[in-house]
Amino acid sequence: YLSVVALDSFHTNPVPGPQTEWLGGVLAARRNVPFVVPLYHVPAYPSCRSFGGTVSVAIRANWVPLFDEAGVRFVFENHDHAYKVTQPLRAGQRDPAGTRYLGDGAWAVTTRAPATGAKAAYLERAESRNHVFVVTLHPGRAEFVAVDPQGNEFDRFTIAARSSEKRSFHQ
């Protein structure tokens, strides 16, 4: 029911090339797993940094199309030190069946101020706040609770599991 896929966003391995090829194979092999959850450091959809950052652009060019094709429902991103939930995105556009990018790595660090306005239209919610996501998986859905270091819940939402008809792969 769950497969966590840890990726390296250019810390020791480049995004394009063998890692992307490996990711395509991993996603294809897990086509019947309801929750396939990629996680990596530098965000494809940053909450604080430039959308045009080299690593973010590379992830959107290489991994995001694979997430879209595989019907990945949510991804954990880090690096920006803020609370982030994106709109559901497919091919970079809002799509109810798309992927949510969650992050951005802010448990025990100094937080940053998220981008505002049209520059960050892909963000559903972003704020300078330490947090952790508590995720509970159920048949057909994942429930998320965002909790601050004092144990206070400040956000809650549900994301449907990926449906089998959305999982097509081209090898």
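Strand β10 (residues 141-147) is joined to β11 by seven bridges, and the two run antiparallel; strands are DSSP runs of E with at least two residues, helices runs of H or I with at least four, numbered from the N terminus. Within this pairing, alanine 146 faces aspartate 155 of β11. The open sheet has three strands in the order β9-β10-β11, with antiparallel pairing, where two strands pair if DSSP finds at least two bridges between them.

| Edge strand | Residues | Partner strands |
|---|---|---|
| β9 | 132-138 | a single partner |
| β11 | 153-160 | a single partner |

One side of β9 and of β11 is therefore left without a neighbour in the sheet. Neighbouring strands of this sheet are turned by 20° against each other on average, direction ignored.

The model is predicted: local features need pLDDT of at least 70, side-chain atom pairs count only at pLDDT 80 or more, and totals for chains, interfaces and linings use all residues. Residues are numbered from 1 along each chain as its sequence is written, and side-chain values use heavy atoms, without hydrogens and water. Mean pLDDT (the predictor's confidence in each residue, from 0 to 100) is 93 for the chain.

Serine 47 lies in the loop between β2 (35-39) and α2 (54-62). This serine 47 counts as buried because its relative accessibility is 0%; buried means under 20% relative accessible area, exposed over 50%, partly exposed in between (1.4 Å probe, protein chains only). Val55, Ser56, Ala58, Ile59 and Arg60 of α2 are also buried.

Methods
Axes are lines fitted to C-alpha atoms, for helices over the stretch in contact, and angles run from 0 to 180 degrees between N-to-C directions.
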